[in-house]
Amino acid sequence: MGWPPAAASRIAAAAAILCLLLASAWAASAAAAEHGQQRALVAVQPQPTTQGGLGPRRHHRHAYAAMMYMGTPRDYEFYVAVRVMMRSLASLGADADRVLIASADVPRDWVRAMREEDGMRVVIVENLRNPYEGNLGGMNRRFKLTLNKLYAWSLVDYERVVMIDSDNIFLHNTDELFQCGQFCAVFINPCYFHTGLFVLQPSMDVFKSMLHDLEIGRDNSDGADQGFLVGCYPDLLDKPLFHPPENGTKLNGTYRLPLGYQMDASYYYLKLHWHVPCGPNSVITFPSAPWFKPWYWWSWPILPLGLSWHKQRWDDLGYAAEIPVVLIELLMYIAIIAITRLARPQMTKLCYNRRPEKQGALVQGLIKLAAIVAMVAAYTIPFFIIPCTVHPIIGWSLYLFGVLAFSSAVINAFLLPPLAVLTAWLGMVGMLFVMAYPWYHDGIARILVVVAYAFCSAPFLWASLVRVIDSLQTMLERDPYFPRLSEPAQETEFSKLF
């Protein structure tokens, strides 16, 4: 027993609009992937090196060093983050080389850009085998190659090296760190120091000793670099706090660094300003959830500090890499709006009645479900096809415009009330303004206002959903709403609304 013709045609209309949404998303994703491949597909081979395999000759006695390896879904994002961080160090007047410890599979054009455009010294290394890989579960597998940080001890033509992660934001010059001892790190929790920033004195003896510890599989609490280094320096918590000597001399031994050199971003969200009493408030770190790193466009205004990172990128690097994809998506959204508006007079003909029979409850339920799924897709697809590292203002503008474009297709396909479909869109715009308001007294007041806004918006969202369901039910029950192709449709009060 087949579907009734009217039901089949209505389901065909639902399938058509879902295919339109998915095809548009696929086209934008393909364009973004092609653009990304042009940036990043060519792998780099190990470069000719000098000075015992350490790469181009140094210019300073000290260095800020970062690490880059491939094999995670977010390689390009960390590439951008490293460039922004290193350029910010140069703009702050850091009197040190900026060194990147890069695995041999980092793309050639990335290496060239960091060497020639950013002025970094790129040291090509082979990935260290992680004997603790089996202890890394789920998302933590992205830390499999973080033991490449140990190569920092091999940079023996420097007197001191400050090893830093790419998710740091430098607020002030921190060259005084080069006066610290053989190893110095910050405790951002009571028990373990954080390896997002630490100071070391390079030594081949230490480096070989660490490689030996890897071979024998010495205990590692987390299977990554932090657990390994905590095991190397288990008594750091008992060491004195670092205070840079006024005469500029270097200290010997190991020291705890003041918290101001690794201020967890979560401290900021309580007061909405920095006031860490121990040490200079110089460096912000983001050790929290990976999807809220500061370079993601959605990180602001959800997390206010995201704008600080993007300000540094705007000043030092720019957004030229993302502009082609942004323009492609913008043109796609304009085309979707234009096509759905031009095609609207013909869309109802996809849903005509061949016979005046009513659909069963199952068929009506499927049509309603298709409409709801299409609405959800209209709000989610734009989020996933926007370049992750674009500026938040561009990202949110493109997202809202994309939702508007896809929603217009859903509205025209199912002839839904526009205001009901776009109520969530209007609520999101209001929420962005609430979160971006810059004059909250502290983070608690901000959270309370956001919760109050969400509470007040909930009835409107529920009412809009009820209105959409009622509209679909009315559409399914009115035969004149679906005219037969061979007969002129009678104009009714309901159709005059459209």
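Reader: Before we count anything, what counts as a salt bridge here?
Author: A salt bridge is a side-chain nitrogen of Lys or Arg within 4 Å of a carboxyl oxygen of Asp or Glu. The model is a predicted one, where local features need pLDDT of at least 70 and side-chain atom pairs count only at pLDDT 80 or more, while totals for chains, interfaces and linings use all residues. Residues are numbered from 1 along each chain as its sequence is written, and side-chain values use heavy atoms, with hydrogens and water left out.

Reader: OK, how many salt bridges does the structure hold?
Author: The structure holds 15 salt bridges, and one of them joins the side chains of Lys149 and Asp225 at 3.0 Å, N to O.

Reader: Why does that pair tie together separate parts?
Author: Lys149 lies in the loop between β3 (121–125) and β4 (160–164) and Asp225 in helix α5 (residues 225–232), so the pair links parts that are 76 residues apart in sequence; helices (H or I, at least four residues) and strands (E, at least two) are DSSP runs, numbered from the N terminus.

Reader: Is Lys149 buried or exposed?
Author: Lys149 counts as buried, at 2% relative accessibility, and Asp225 is buried as well, at 7%; buried means under 20% relative accessible area, exposed over 50%, and partly exposed in between (1.4 Å probe, protein chains only).

Reader: Switching to the Glu159 salt bridge, what is its partner?
Author: Glu159 pairs with Lys250, the closest N and O atoms being 3.1 Å apart. Glu159 is partly exposed, with a relative accessible area of 33%, and Lys250 is also partly exposed, at 27%.
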